[in-house]
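Me: Before we look at anything in particular, could you take me through how such a model is read, feature by feature?

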Amino acid sequence: MSTPSQAEVRQAIAGAGTIVVKVGSSSLTQPSGHLDPDKLDALVTALAHVRLMGARVVLVSSGAIAAGFGPLGFDARPSDVATQQATAAVGQGLLMARYETAFGRFGIHVGQILITAEDTIRATQYRNVERTLERLLDLGVIPIINENDSLASNEIRFGDNDRLSALMANLVRADALVLLTDVDALYTAPPSQPGSKRVAYVPNVVDALGDIQVSGSGSKVGTGGMVTKLEAARVAAVSGIPTVLTCAANAGPAMMGDPVGTVFAPVNARGSARRLWIGFAADPRGTIVVDAGAAQAIRGGRASLLAAGALEVHGDFSAGDPVWVDSESGEHLARGLAGFDSEEIPQMLGRNTAQLKRFLGPQFAHPLVHRDNLVLV
Ligand SMILES: Nc1ncnc2c1ncn2[C@@H]1O[C@H](COP(=O)(O)OP(=O)(O)O)[C@@H](O)[C@H]1O
Ligand SMILES: N[C@@H](CCC(=O)OP(=O)(O)O)C(=O)O
């Protein structure tokens with residue numbers, strides 16, 4: 001795929017039929033960290049215009065914790081996980097009530113989807129989310145997505161809505177991803193550093209960022225800073241989706257293709273959404289180590305991982321969980337969804353399909369990871 005020009009990428013964003021917009025807590029809050037209804041209203045106005053012009057819009061919105069801590073009587077955003085989760089449970093409803101009223105002024109309905117990594121990694125649940133979003137968009141509704149903070153545990157959370165928004169863009173096969181934050185663009189260094197310059201165009205976010213310095217969140221309320229936004233732009237780019245990153249006040253112009261913020265070109269043609277999801281959505285729970293023959297077959301890109309080529313299994317996982325597939329030297333070859341629980345695998349190691357069937361039963365005569373669930377890294 002040849003690299004498009006900046007103008008072409010901006011044009012593609014302006015013409016997007018389906019658009020995923022992510023807004024961070026820092027763009028919805030006052031300096032004190034509390035939710036700012038005026039900022040929320042201004043964002044809704046920009047999104048409503050795009051929706052009323054015919055685009056399908058998905059909003060990934062942070063802000064549940066920001067909306068919840070004031071009403072609960074806290075002076076600042078809580079820092080321990082349990083209080084954050086409780087605060088998000090209170091704030092999410094308040095946040096949605098604001099969105100419902102604000103979009104209601106334009107006659108637009110919203111629908112809430114709260115999601116955890118765990119919910120979506122298994123094929124059936126992934127398909128359910130996909131189907132629900134599709135139907136909501138067909139109905140003209142704006143789905144509003146947030147991580148299900150109250151259910152997600154530290155180990156399994158997406159961790160930040162930047163990455164979640166890129167995965168959602170992939171899942172709904174969006175034509176553009178819009179990342180809205182409290183800076184107007186990506187800079188060559190954190191904007192507080194003297195001499196940092198705006199970057200208007202990133203033609204290849206996968207390998208052309210060596211000279212950009214990024215840091216974590218600059219605000220009291222945001223979580224991932226520029227690091228997770230670049231990760232989101234990367235996931236979108238390899239999914240074939242262009243991204244624009246700018247401040248919430250520029251949402252309208254950014255979606256019209258005006259020269260604001262930073263645009264990131266797609267670096268791949270669109271791949272299978274499901275396989276990309278396996279590659280990015282969740283952290284592997286274990287590892288299956290394979291011999292040289294299996295490693296070669298997997299690198300070829302079309303083989304399932306058979307027990308005959310597997311040497312060791314590490315970790316505690318269930319069938320359907322994501323796992324690493326590693327070479328004997330410890331190199332990650334692929335990510336995949338395990339076909340068996342980790343405790344079932346040791347007895348299968350090194351056995352061919354006929355042996356598995358004869359000694360363990362026909363239910364074991366299947367790949368450890370089927371090729372449809374295997375993604376090279
Ligand atoms: N190179 C950079 N260019 C722009 N912003 C940067 C850079 N490095 C770090 N940042 C910081 O990232 C912050 C945005 O991230 P964050 O606070 O997590 O926002 P959000 O709540 O929108 O997710 C900015 O306020 C800025 O301080
Ligand atoms: N899910 C959390 C926000 C998590 C998050 O990614 O925040 P941010 O970095 O502001 O986009 C909430 O709603 O408060």
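Reply: Helices (H or I, at least four residues) and strands (E, at least two) are DSSP runs, numbered from the N terminus. By that convention alanine 310 belongs to strand 12, residues 310–315. This is a predicted model, in which local features need pLDDT of at least 70, side-chain atom pairs count only at pLDDT 80 or more, and totals for chains, interfaces and linings use all residues. Residues are numbered from 1 along each chain as its sequence is written, chains are lettered from A and ligands numbered from 1 in the order in which they are written, and side-chain values use heavy atoms, with hydrogens and water left out.

Me: Is alanine 310 buried or exposed, and which residues does alanine 310 touch?

Reply: Buried means under 20% relative accessible area, exposed over 50%, and partly exposed in between, with a 1.4 Å probe and protein chains only. Alanine 310 has a relative accessible area of 3% and is therefore buried. Contact means heavy atoms within 4.5 Å; not counting residues up to four places away in sequence, alanine 310 touches Ile288, Val289, Val290, Leu349, Gly350 and Leu368.

Me: What does UniProt record for residues 286–365?

Reply: UniProt positions are given in the numbering used here, feature names are shortened, and annotations may be inferred rather than shown by experiment. An unreviewed UniProt entry gives residues 286–365 the annotation "domain: PUA". Over residues 286–365 the chain is 20% helix and 28% strand, with the end C-alpha atoms 21 Å apart.

Me: How should I read a pair of helices, and at what angle do the axes of helix 2 and helix 4 cross?

Reply: Two packed helices are described by the angle between their axes and the distance between the axes. Axes are lines fitted to C-alpha atoms, for helices over the stretch in contact, and angles run from 0 to 180 degrees between N-to-C directions. The axes of helix 2 (residues 37–52) and helix 4 (residues 81–104) come within 10 Å and cross at roughly 50 degrees. Angles under 35 degrees count as roughly parallel, over 145 as roughly antiparallel, 65 to 115 as roughly perpendicular and the rest as oblique, and helix 2 is accordingly oblique to helix 4. On the side of helix 2 the contact is made by Pro37, Leu40, Asp41, Leu43, Val44, Leu47 and Ala48, and on the side of helix 4 by Leu95, Arg98, Tyr99, Ala102 and Phe103.

Me: How do helix 7 and helix 8 lie to each other, and which residues make the contact?

Reply: For helix 7 (residues 161–171) and helix 8 (residues 225–238), the axes come within 8 Å and cross at roughly 10 degrees, which means that helix 7 is roughly parallel to helix 8. Helix 7 contributes Asp162, Arg163, Ala166 and Leu167 to the contact, and helix 8 contributes Gly225, Thr228, Lys229, Glu231, Ala232, Val235 and Ala236.

Me: Which residues does UniProt list as "binding site" together with Ser62?

Reply: The unreviewed entry lists Ser62, Asp149 and Asn161 under "binding site". These residues span 100 residues in sequence, yet no two of their C-alpha atoms are more than 10.7 Å apart, so they gather at one spot. Serine 62 sits in the loop between strand 2 (56–61) and helix 3 (64–69) and is buried, at a relative accessible area of 10%. Beyond its neighbours within four places in sequence, serine 62 is in contact with residues including Lys22, Leu95 and Asn161. Aspartate 149, in the loop between strand 4 (142–147) and helix 7, counts as buried at 12% relative accessibility.
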